[in-house]
Amino acid sequence: MDLTYRPRRLRRSTSLRSMVRETSLKAEDFIYPLFVHEGSAVEPIGAMPGANRWNLDSLIGEVQRAWQLGIRCVVLFPKVQEKLKTENGEECFNENGLIPRAISLLKKEIPEMTVMTDVALDPYSCDGHDGIVSAEGVVLNDETITQLCRQAVVQAQSGADLIGPSDMMDGRVGAIREALDDEGFEHVGIISYTAKYSSAYYGPFREALDSAPRAAGVKPIPKDKSTYQMDPANAREAITEAQLDEQEGADILMVKPGLAYLDIIYRLREESALPIAAYNVSGEYSMVKAAAERGWVDERSVVLETLLSFKRAGADLILTYHACDAAHWLLKG
Ligand code: PBG
């Protein structure tokens, strides 16, 4: 055939392919999510093979391992004891709570590791919602923000580097920015869950923290989070959320979940000059683990291909439970 262009010319050898490769993965791209609990042991999480609930002692070892693999940021999620859960989630701003203790310990033992937090009420609420639920069963926006600001300030006081509001209340980024600044934490950044969808992919995470919405008493409790998290059918709305977060002072924007929302990552990349993070959520992780356990897919190849797809779509950072495995595979070549 008389072809002018033969794209296969640049695919002929490993070296040629590596020369024209457009995107790459490195350990510094990853943010490693870790679950912590008060227990005395490391507890495996049934729905997330390979992931654990760490107690404070074992947490240090795991974060040291991540650091040695080149990971530079971890995010902490608490499994709060049932007896500490209340309707208004006051435990979220207890200075001696699990998360503040975990943050100060990490900053003392591994000061260079960037510590990110999650700001929302669900781990602390007996109703399992990210905000306060009224007697009528409505998730209250402004009342919730008061709690979130206190939570963010306590996290900053404990040494957190990046505050991650995951609650999707309107106006929370601006309110948290102001609360942090008022307390002298103008150097602490906000990584906002900007486009967080009301997704079934969070199932295993809610099992890990025992934080799914549930009725604790007589009050009606919304079954899902669709009055505050975004409708999976909407893409333009993500741009509005991104514009608001930027105006309110977010430093990094996040899209969550990641894999089913690559188009949203791409759109936000076009719209904003801020760094963009993708959250490769628990359900995405567990699906790969389940298929790999059955020998239906090759775990290493599928994980690296998936993580690369976030970078290709335009993400700078990836929150992933595969972080240590992936960093290890990248090091080994
Ligand atoms: C809670 C929160 C959730 C996740 C991160 N923060 C769950 C939810 O919104 O119900 C999900 C993470 C994952 O599935 O990996 N605010």
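The following questions and answers walk through a predicted model.

Student: How are residues numbered, and what pLDDT do local features need?
Tutor: Residues are numbered from 1 along each chain as its sequence is written, and side-chain values use heavy atoms, with hydrogens and water left out. This is a predicted model in which totals for chains, interfaces and linings use all residues, side-chain atom pairs count only at pLDDT 80 or more, and local features need pLDDT of at least 70.

Student: How much of the ligand does the protein bury?
Tutor: Among the polar contacts (pairs of N or O atoms within 3.5 Å; within protein, one must be able to donate a hydrogen and the other to accept it, and residues adjacent in sequence count only if both atoms are side-chain atoms), a polar side-chain atom of Arg-206 lies 2.6 Å from an oxygen atom of the ligand. The side chain of Ser-282 places an N or O atom 2.7 Å from an oxygen atom of the ligand, while that of Asp-118 has an N or O atom 3.5 Å from a nitrogen atom of the ligand. Taken alone the ligand exposes 400 Å² (accessible areas come from the Shrake-Rupley method with a 1.4 Å probe, and for residues only the protein chains shown count as cover), and of that the protein buries 100%.

Student: Is Pro-257 buried or exposed?
Tutor: Pro-257 is found in the loop between strand S10 (252-256) and helix H8 (262-271), where helices (H or I, at least four residues) and strands (E, at least two) are DSSP runs numbered from the N terminus. Leaving aside residues up to four places away in sequence, Pro-257 touches Tyr-197, Ser-199, Tyr-201, Tyr-202, Tyr-279, Val-281 and Glu-284, a contact being heavy atoms within 4.5 Å. Buried means under 20% relative accessible area, exposed over 50%, and partly exposed in between (1.4 Å probe, protein chains only). Because its relative accessibility is 0%, Pro-257 counts as buried.

Student: How many residues apart are Asp-245 and Arg-172?
Tutor: Side chains of opposite charge can pair when their charged atoms come close. Asp-245 forms a salt bridge (a side-chain nitrogen of Lys or Arg within 4 Å of a carboxyl oxygen of Asp or Glu) with Arg-172, the closest N and O atoms being 4.0 Å apart. The pair links helix H7 (residues 236-248), which holds Asp-245, to helix H5 (residues 172-182), which holds Arg-172, and the two lie 73 residues apart.

Student: Is Asp-316 buried or partly exposed?
Tutor: Asp-316 forms a salt bridge with Arg-269, their closest N and O atoms being 2.9 Å apart. Arg-269 has 23% relative accessibility and therefore counts as partly exposed. With 33% relative accessibility, Asp-316 counts as partly exposed.

Student: Which residues make the nonpolar surface patch of about 310 Å²?
Tutor: Patches are made of residues with over 30% relative accessible area and no salt bridge, joining like charges within 9 Å and nonpolar side chains (Val, Leu, Ile, Met, Phe, Trp, Tyr) within 5 Å. Met-19, which lies in helix H1 (residues 14-19), counts as exposed because its relative accessibility is 65%. The patch of about 310 Å² is made by Leu-10, Met-19 and Val-20.
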